Amino acid sequence: MGRGLIKREGKKLSLSGLIVRIALVLSVLAAATIGIIVLTTTTANDLMSIDKKELPNIPSNVLPPYSATSFVSADDQTQLSGWFFKTDDPISTIIVVHDTQSNRLPFNVSMVQMIEDFLNMHFNVFLFDLRNSGESSGAICGYGYLEWMDVLGAIKHVKKISVTTDVILYGIGSGCSACLLAMDKLPQSSDTEALEGYSQRIQDLGFDVTYISGIILDSPAKNSDDYIIPFVEKKSKMAFITKYFVPYAIRISAGESGSVNLATEISRLPIPVCIIYGGRDTFVGSDKIGQIVEERKRLNPNTTKSMMISGAGYCEAYMIDQEGYRAELTEFLEQYFK
């Protein structure tokens with residue numbers, strides 16, 4: 001009887017020890033999970049709350065004549081500012097959508113020559129500051145996940161102030177994501193049946209995706225999260241873990257449920273597309289952009305132009321080879337829109 005009692009007590013002790021060990025492991029896992037959540041939230045908040053980049057001090061006589069204008073983003077809350085450059089007998093209006101941590105003059109004073117090129121080819125130009133940049137309002141940025149509403153607001157405003165019957169979007173860096181997300185949000189036509197299922201705010205815009213006749217993409221990424229991950233890798237010591245969670249946190253903050261396969265969107269666009277990128281882009285990856293170009297040309301060889309500028313990094317192509325860059329844009333516009 002004594003030996004049986006000892007055995008039973010030994011089993012109880014073993015079971016108690018196992019429970020303690022399991023509780024300890026669960027506590028460690030819970031603490032680790034809480035730590036990752038806190039770190040993810042903090043990093044996401046820091047990345048969304050970056051300081052806006054002010055406009056460079058450029059004398060007004062350096063720029064072609066323009067009209068300063070303001071309008072509201074499609075969220076009906078964020079006040080945005082821009083410049084409208086008007087030409088005679090315009091073919092279309094080019095809307096420039098800048099990168100995160102930039103403003104309406106993404107290439108600073110060097111942008112003047114490009115604007116003059118567009119105007120000389122009879123294209124109006126609309127430059128504006130996305131939220132939390134330049135002279136626009138807004139305290140946070142969304143790396144495209146919020147800015148698509150700014151793009152739709154810009155199109156609506158241009159439709160009101162310009163005589164052109166369509167627009168050409170020109171995205172730079174995460175501006176590419178903002179442009180493509182904006183297009184993805186628009187109905188395919190303005191027919192009553194096609195508008196079913198869209199929010200009243202989208203229906204009230206007064207245009208559909210066919211109002212966009214072409215798109216220029218400087219440094220497009222394969223996925224909409226790809227514009228966030230490199231910033232996480234620079235900012236967080238635990239980036240090998242948090243880079244998978246921070247984009248999700250930013251999407252949730254912006255009210256977006258999932259990321260978008262931008263490469264697929266680009267390959268399927270039924271409009272002319274021009275892609276320019278740097279051969280040494282390690283931010284979103286020049287090899288990945290090359291794959292986007294190949295797939296686009298495979299599916300739409302007659303409506304695709306591309307240019308890779310060797311030696312240029314992320315969004316550096318224009319500053320490395322301004323002459324070649326401008327020549328490519330000129331050829332694209334003359335081939336498909338004149």
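Predicted model: local features only at pLDDT ≥ 70, side-chain atom pairs only at ≥ 80, totals over all residues.
Q: How many cavities of 30 Å³ or more does a search of the whole structure find?
A: Rolling a probe the size of a water molecule over the atoms shows where empty space is left. On a 1 Å grid over the protein atoms alone, a cavity is a set of points where a 1.4 Å probe fits but cannot get out, a pocket is an open set with protein on both sides within 12 Å along at least five of seven lines, and lining residues have an atom within 4 Å of a point. The search finds one such cavity; Asp99, Thr100, Gln101, Arg131 and Cys141 lie nearest its centre among 20 lining residues.

Q: Which residues lie nearest the centre of the largest pocket?
A: They are Met183, Gln188, Val209, Leu269 and Pro270, from a lining of 14 residues.

Q: Is helix α3 largely enclosed or open?
A: Helices are DSSP runs (H or I, at least four residues), numbered from the N terminus, and buried means under 20% relative accessible area with a 1.4 Å probe, protein chains only. In α3, 11 of the 15 residues are buried, so the helix is largely enclosed by the rest of the structure; among them are Trp148, Leu152 and Ile155.

How values were computed:
Residues numbered from 1 in each chain as written. Heavy atoms only, no water. Points joined across faces, edges and corners; volume = space filled by probe spheres on them. Buried < 20%, exposed > 50% of the residue type's maximum accessible area, 1.4 Å probe, protein only. Helix = DSSP H or I, 4+ residues; strand = E, 2+ residues; numbered from the N terminus.
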